[in-house]
Amino acid sequence: MFKINPYRPGAGVMPTYLAGRESDIYTVDQMFKALTLNIPTQSVIFSGLRGVGKTVLINRLQKIAENRGIFCKHIEVETRNDFISQIASCSQAFLREVSAKEKFKSLIKKSLDAIKSLVISFDPNGSSFSLSVQDRELYQSNNLTQSLTDVFTSIGETAYESETPICFFIDEIQYMKTEELGSLIAALHRSNQLGYPLMIIGAGLPKIYKMLSDEKTYSERLFVYQEIGSLNSEQSKKAIEEPVKKFGVTYTEEAVNRIIVLTKGYPFFIQQLCQIVYKEASGDEITVEDVDLSLGDFFDSLDNGFFRVRYERCADSDKKFIFAMVQCGELPCTISNIAKNLNKSVTAISTTRAQLISKGIIYPIRYKELDFTVPEFSGFIKRLDEYAEWCREMQDMPAR
Ligand SMILES: Nc1ncnc2c1ncn2[C@@H]1O[C@H](COP(=O)(O)OP(=O)(O)OP(=O)(O)O)[C@@H](O)[C@H]1O
Ligand SMILES: [Mg+2]
């Protein structure tokens with residue numbers, strides 16, 4: 001028999017009940033309010049591990065901003081997708097939105113020129129503007145920061161004059177190229193200085209805080225940084241119970257507690273486990289026995305999905321680095337301990353370290369320490385036969 005299942009594990013999939021983000025939503029909504037009053041505000045960056053709910057949070061915020069009449073666009077940065085062409089097309093879309101109003105025609109012309117110059121100069125595959133060679137030279141620029149700043153200040157001015165504030169939602173910021181990130185910060189900074197109602201809500205892995213401050217020191221004043229973590233007990237309880245309330249289904253206290261312990265309050269894990277438990281349970285009251293019966297399927301689904309997709313992205317040398325991290329026992333761990341477990345020097349493993357950071361599998365914490373961006377990743381690695389094999393091999397190797 002078909003049973004409606006209200007739990008929704010999946011990247012960027014909006015849960016039927018968004019638990020525990022009320023205060024973040026409230027704070028950002030106040031900023032949106034300021035923006036609609038033509039008051040420039042700081043931008044916001046949410047950082048957190050994989051599966052904690054960054055994407056769904058910024059998607060929810062986008063809905064709220066749209067309801068306030070703010071012009072919104074979502075950008076997902078991907079290594080293979082050009083950021084400049086995305087920001088240019090979002091800016092163009094904004095101009096289309098306000099172009100219906102006759103009195104803004106000259107401002108729109110100015111903004112369009114700025115976008116044209118940006119695309120022609122920095123978007124190699126962009127074919128949205130066909131220009132003669134002469135015109136091409138006229139619009140050509142070799143300074144990305146200046147070009148992007150021209151775009152932001154001109155659309156910012158248009159936003160101010162037309163009283164249509166702008167908010168760009170940028171997900172997976174950690175994949176932005178350094179030069180693009182620096183230019184984005186500078187452009188935002190300038191438009192903010194000029195008092196234009198344009199803001200950014202960004203999301204990414206924990207390393208983005210360092211990426212932004214490394215790029216420009218003033219970025220600390222430009223952005224509000226907010227770390228998104230796992231849900232506390234009370235919030236987890238709501239994430240577990242609320243979705244099935246409308247079906248008249250409840251959980252025993254013991255069942256809720258077991259789920260919280262097993263998932264450690266990580267939103268993705270809660271959705272995944274509850275989806276299985278609910279699918280298998282037959283009564284109107286879910287018990288701890290129902291939870292325990294679902295454990296095998298729960299770990300199988302995580303191992304074959306959430307964890308495996310990240311693991312499969314790794315080269316052999318990456319995997320060994322990961323094994324050595326797990327062998328450290330406690331995380332975060334130092335690079336020198338990883339090197340010791342690999343029987344190598346720190347310098348010899350620094351390329352692999354950089355590669356794993358850029359793939360978004362690990363991130364640096366404090367000085368010389370590293371951790372996984374995927375919660376509970378060590379547990380998954382320990383369940384792998386390859387890990388056990390590697391440990392045996394290393395044991396037989398003479399120490400350096
Ligand atoms: N506050 C929440 N309450 C309940 N469920 C949530 C909450 N936040 C996220 N989820 C669920 O967790 C899962 C992961 O959410 P999301 O994709 O937004 O995470 P993320 O932080 O963007 O992960 P990634 O870094 O992999 O992109 C989804 O299934 C979503 O429905
Ligand atoms: Mg996401």
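The protein is divided into domain 1 (22–227), domain 2 (233–309) and domain 3 (316–396), with bounds that come from an automatic or database domain assignment. The model is a predicted one, in which local features need pLDDT of at least 70 and side-chain atom pairs count only at pLDDT 80 or more, while totals for chains, interfaces and linings use all residues. Residues are numbered from 1 along each chain as its sequence is written, and chains are lettered from A and ligands numbered from 1 in the order in which they are written. The C-alpha centres of domain 1 and domain 2 are 38 Å apart.

Taken as a whole, the C-alpha trace spans about 65 × 60 × 35 Å along its principal axes. The protein has 19 helices and 10 strands; these are DSSP runs numbered from the N terminus, with at least four residues (H or I) for a helix and at least two (E) for a strand. Of the 400 residues, 43% count as buried. Here a residue is buried if 20 or more other C-beta atoms lie within 10 Å of its own, exposed if 12 or fewer do, and partly exposed in between, with C-beta atoms placed from the backbone. Among contacts between residues at least 6 apart in sequence, 75% join residues at least 24 apart, a contact being two residues whose C-beta atoms, placed from the backbone, lie within 7 Å.

We can turn next to the sheets. An open sheet of 5 strands has the order E2-E3-E4-E1-E5, with parallel pairing; two strands pair if DSSP finds at least two bridges between them. Strand E2 (71–76) and strand E5 (223–227) stand at the edges with a single partner strand each, so one side of each is left without a neighbour in the sheet. From one strand to the next, the twist averages 15°, where axes are lines fitted to C-alpha atoms, for helices over the stretch in contact, and angles run from 0 to 180 degrees between N-to-C directions. Strand E1 (residues 43–47) runs parallel to E5 and is joined to E5 by 5 bridges; Phe46 has Gln226 in E5 as its bridge partner.

Helices also pack on this sheet. Helix H1 (residues 22–36) touches E1, strand E4 (198–204) and E5, and its direction makes about 155° with that of E4. Helix H8 (residues 208–215) lies across E1, E4 and E5, running at about 140° to E1. Lys33 lies in helix H1 and is partly exposed, because 13 other C-beta atoms lie within 10 Å. Lys33 and Glu242 are 209 residues apart in sequence and 29 Å apart in space, C-alpha to C-alpha.

A second open sheet has 3 strands in the order E8-E10-E9, with antiparallel pairing. Its edges are strand E8 (333–334) and strand E9 (362–365), each with a single partner strand, so one side of each is left without a neighbour in the sheet. E8 and strand E10 (residues 369–372) run antiparallel and are joined by 2 bridges, with Leu370 in E10 as the bridge partner of Cys333.

Finally, there is the ligand site. Of the 23 residues around ligand 1, Pro15, Gly53, Lys54, Thr55 and Pro267 come nearest; a residue is near a molecule or strand if its C-beta atom, placed from the backbone, lies within 6 Å of it. Helix H2 (54–67) and helix H12 (267–280) are the elements that give two or more residues to this shell, and domain 1 and domain 2 each supply at least three residues.
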